[in-house]
Amino acid sequence: MVGATLGTKLAALGHEVKIGSRESDNAAGAAWVKSTSRGASQGTFADAAEFGEIVFVCMRGDVALPVVKSLGANKLKGKIVVDVSNPLDLSKGAPFPLLPHLVNTTSLGEETQKVLPQSFVVKTLNTVNCEVMVNPALAKGESNLFISGNDAAAKGRVIEVLRSFGWKDVIDLGDITTARGTEMLLPIWMRLYGLFGTPHFNFRIVGWKIRCELKQGSGPDLSFRAVLLRTPKALRP
Ligand SMILES: NC(=O)c1ccc[n+]([C@@H]2O[C@H](COP(=O)([O-])OP(=O)(O)OC[C@H]3O[C@@H](n4cnc5c(N)ncnc54)[C@H](OP(=O)(O)O)[C@@H]3O)[C@@H](O)[C@H]2O)c1
């Protein structure tokens, strides 16, 4: 679902896209290739990993890591790997708890980086529904996307792709350990989905722009003052 949605958008933007599956002739993959006007092909997970300059991992959270491991680190060496998966335990039924071995003190993003030490793992897009991923306007109003990863250049390249999808406000949280926070947004995302009855919504962070603007060229002192500006009145010296 996510792979096909991202693939359709990427192909429409002029990229060549190979969608991977367990079997090279997967029926859903074949239907996707047929429905995509240009630049689309299918293969195994290994074929897709080899083909891509940027590889999107959009797999069921409980199988993503074993599948990536089975491909072998060499296949993805030097590549940007965008991890869109969430460590949801689908066996428990909605609202799907997080897999206990992939939360709190680690995350799927971090574990993916560990098994791919020579790849540039970037975690993003996992906090929005796939239709919103490629059309942020569906969430009605300005909203934010998060990005995590150890390599600034890789994040920059992925942000270019995100901009081509229509994302304006992408918050760079820092290294891949920050994926813990975005993956742990899923329990609240699931509850909001239940409440709203539509997946077309998103998170919006307020107050961060003023800090970024004040930080820009204003040195540590001003950014410190900017932080203080947000301290509740009663707590101010
Ligand atoms: N759906 C959304 O809008 C959304 C939004 C944000 C994040 N995510 C996350 O993105 C990921 C993909 O979501 P999705 O909705 O596209 O899920 P999905 O349709 O359930 O996942 C599809 C992928 O998982 C693979 N897969 C399933 N069972 C497998 C198994 N036993 N062994 C190996 N591979 C297996 C499928 O392989 P085959 O092609 O061979 O079947 C396919 O590549 C999930 O982690 C989800 O939490 C989803």
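Student: Which residues touch the most other members in the largest nonpolar core?
Tutor: In this predicted model, the largest nonpolar core has 51 residues, and those that touch the most other members are Val57, Val81, Val82, Val122 and Val158.

Student: And which element gives the largest share of this core?
Tutor: The largest share comes from H1, which supplies 5 residues. As background, nonpolar side chains tend to be buried together in soluble globular proteins.

Student: What does valine 122 touch, leaving out residues up to four places away in sequence?
Tutor: With those left out, valine 122 touches Ile80, Val82, Ile147, Gly149, Ala154, Lys155 and Val158, and of these Val82 and Val158 are also named, like Val122 itself, among the core residues that touch the most other members.

Student: Switching to the sheet, what order do the strands take?
Tutor: The sheet is open and has 5 strands in the order S3-S4-S5-S6-S7, with mixed pairing. Its edge strands are S3 (54-57) and S7 (169-174), each of which pairs on one side only, and the twist from one strand to the next averages 25° on average across the sheet.

Student: In which sense do S3 and S4 pair?
Tutor: S3 and S4 (residues 80-83) pair in the parallel sense over 4 bridges, and valine 55 stands opposite valine 81 in S4.

Student: Now the ligand: which residues come nearest?
Tutor: Of the 19 residues around the ligand, Ser21, Arg22, Ser85, Asn86 and Cys130 come nearest. By class, the shell has 9 nonpolar, 8 polar and 2 charged residues.

Student: Which helix gives the most to that shell?
Tutor: H4 gives the most, with 3 residues, while H1 (2-12) and H4 (61-71) each supply at least two.

Key:
Residues numbered from 1 in each chain as written. Predicted model: local features only at pLDDT ≥ 70, side-chain atom pairs only at ≥ 80, totals over all residues. Near = placed C-beta within 6 Å. Nonpolar A, V, L, I, M, F, W, Y, C, P; charged D, E, K, R; others polar. Pairing = 2+ DSSP bridges. Axes fitted to C-alpha atoms, helices over the stretch in contact; angles between N-to-C directions. Core = buried A, V, L, I, M, F, W, Y, C linked by C-beta atoms within 7 Å. Buried ≥ 20, exposed ≤ 12 C-beta atoms within 10 Å, placed from the backbone. Contact = placed C-beta atoms within 7 Å.
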